[in-house]
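These are my notes from one sitting with the structure shown here.

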Amino acid sequence: MNEGFLLVLSAPSGCGKTTILRQVMADLSGLSFSVSHTTRKPRLGEENGRDYHFVSPEQFIALRDQQPAGFLEWAEVHGNFYGTSRQEVAQRLRAGADVILDIDVQGAAQVRNNAEPVTVFIAPPSLEELERRLRGRGTESEENLQRRLANAAQEMEAAPAYTYLIVNDKLEEAVLALKSVIIAERCRRRR
Ligand code: ADP
Ligand code: 5GP
């Protein structure tokens, strides 16, 4: 069986990445979502082990400082730690799945240095629309929301480093674009 490839997806918070990803994973087989570790508290409806491995800062630091390192990449994002388990990713790739890393721009830069991922940046149509979506989702305190919006402009500056850029204006079009990227990457002769 051939090893799968790594697909790194980044987007400013509230852009619609989770919504797009859910649809793409329902429509395409052979994809595996890498469940990150985070010190952030679960949101309503989030499940431990499915959306994230929710851990304490002490547990996170122990994994980070393990030898060899427990994380393929890690970063502090919006005031919390997030990291990708090296072992979990390797197992899924070996099983032949294409592994999706939903990670921020700092994490993406680290993965680019260690592997040859396909990278996709998802952008909002505008920062005003991003704020509407983030408020509409209703999951963040005002302080968290302001922090995520302030980070968005900076995250957008990293977009040119990605292989693909998808603007999430109309949801169905963004879903089709991401599916097209994955299908095209599966047709590559060489990696
Ligand atoms: P992210 O995972 O990037 O933080 P979400 O997937 O949680 O973002 O989406 C944030 C909010 O925006 C959700 O309420 C979602 O329903 C909404 N949303 C996602 N895509 C679109 C779109 N293309 N048009 C309008 N609203 C959208
Ligand atoms: P949220 O708290 O909204 O779930 O995620 C906040 C940000 O953290 C998003 O940009 C998301 O992509 C990023 N993120 C989630 N998991 C990881 C991870 O394992 N590593 C890194 N670097 N970022 C992550």
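Which atom of Lys 17 lies 2.8 Å from an oxygen atom of ligand 1, a backbone one or a side-chain one? I looked it up in what is a predicted model. It is a backbone N or O atom of Lys 17.

**Ligand 1**

I then listed what surrounds ligand 1. The shell includes Ser 13, Gly 14, Cys 15, Gly 16, Lys 17, Thr 18 and Thr 19. Arg 133, Arg 137, Asn 168, Asp 169 and Leu 171 also belong to this shell. By class I find two nonpolar, six polar and four charged residues around ligand 1. Helix α1 gives three residues, the largest share of the shell. Both α1 and α5 supply at least two residues each.

Next I checked the nitrogen atoms of ligand 1. A polar atom in the side chain of Asn 168 is 2.9 Å from a nitrogen atom of the ligand. For Leu 171 the polar atom belongs to the backbone, and its distance to a nitrogen atom of ligand 1 is 3.4 Å. On its own, ligand 1 has 570 Å² of accessible area, and the protein covers 74% of that.

**Ligand 2**

How many residues surround ligand 2? I find 18, and the closest are Ser 36, Arg 40, Tyr 52, Tyr 82 and Asp 102. The shell divides into six nonpolar, five polar and seven charged residues.

The side chain of Arg 40 places an N or O atom 2.6 Å from an oxygen atom of the ligand. For Ser 36, a polar side-chain atom is 2.7 Å from an oxygen atom of ligand 2. Strands β5 and β6 are the elements that give two or more residues to the shell around ligand 2.

**The pocket**

Where does ligand 2 sit? I find it in the largest pocket. The space taken by ligand 1 is also the largest pocket.

I noted a volume of about 1,000 Å³ for the largest pocket. It is lined by 43 residues, and those closest to its centre are Lys 17, Thr 18, Arg 43, Tyr 52 and Asp 102. Two or more lining residues come from each of α1 (17–27), β5 (71–77), β6 (80–85), α5 (127–137) and α6 (142–156). Helix α1 provides six residues, the largest share of the lining. Sorted by class, the lining has 16 nonpolar, 13 polar and 14 charged residues.

**Backbone details**

Gln 67 and Pro 68 are joined by a cis peptide bond, with omega about -5°. I place Pro 68 in the loop between α2 (57–65) and β5. His 78 has a phi near 45°, a positive value in a residue other than glycine. This histidine is in the loop between β5 and β6.

Note on methods:
Residues are numbered from 1 along each chain as its sequence is written. Chains are lettered from A and ligands numbered from 1 in the order in which they are written. This is a predicted model: local features need pLDDT of at least 70, side-chain atom pairs count only at pLDDT 80 or more; totals for chains, interfaces and linings use all residues. Side-chain values use heavy atoms; hydrogens and water are left out. On a 1 Å grid over the protein atoms alone, a cavity is a set of points where a 1.4 Å probe fits but cannot get out, and a pocket is an open set with protein on both sides within 12 Å along at least five of seven lines; lining residues have an atom within 4 Å of a point. Grid points are joined across faces, edges and corners, and a volume is the space filled by probe spheres set on the points. Helices (H or I, at least four residues) and strands (E, at least two) are DSSP runs, numbered from the N terminus. Ala, Val, Leu, Ile, Met, Phe, Trp, Tyr, Cys and Pro count as nonpolar, Asp, Glu, Lys and Arg as charged, and the others, Gly among them, as polar. A residue is near a molecule or strand if one of its heavy atoms lies within 4 Å of it. A polar contact is a pair of N or O atoms within 3.5 Å; within protein, one must be able to donate a hydrogen and the other to accept it, and residues adjacent in sequence count only if both atoms are side-chain atoms. Accessible areas come from the Shrake-Rupley method with a 1.4 Å probe; for residues, only the protein chains shown count as cover. A molecule sits in a cavity or pocket if more than half of its atoms lie within 2 Å of its grid points.
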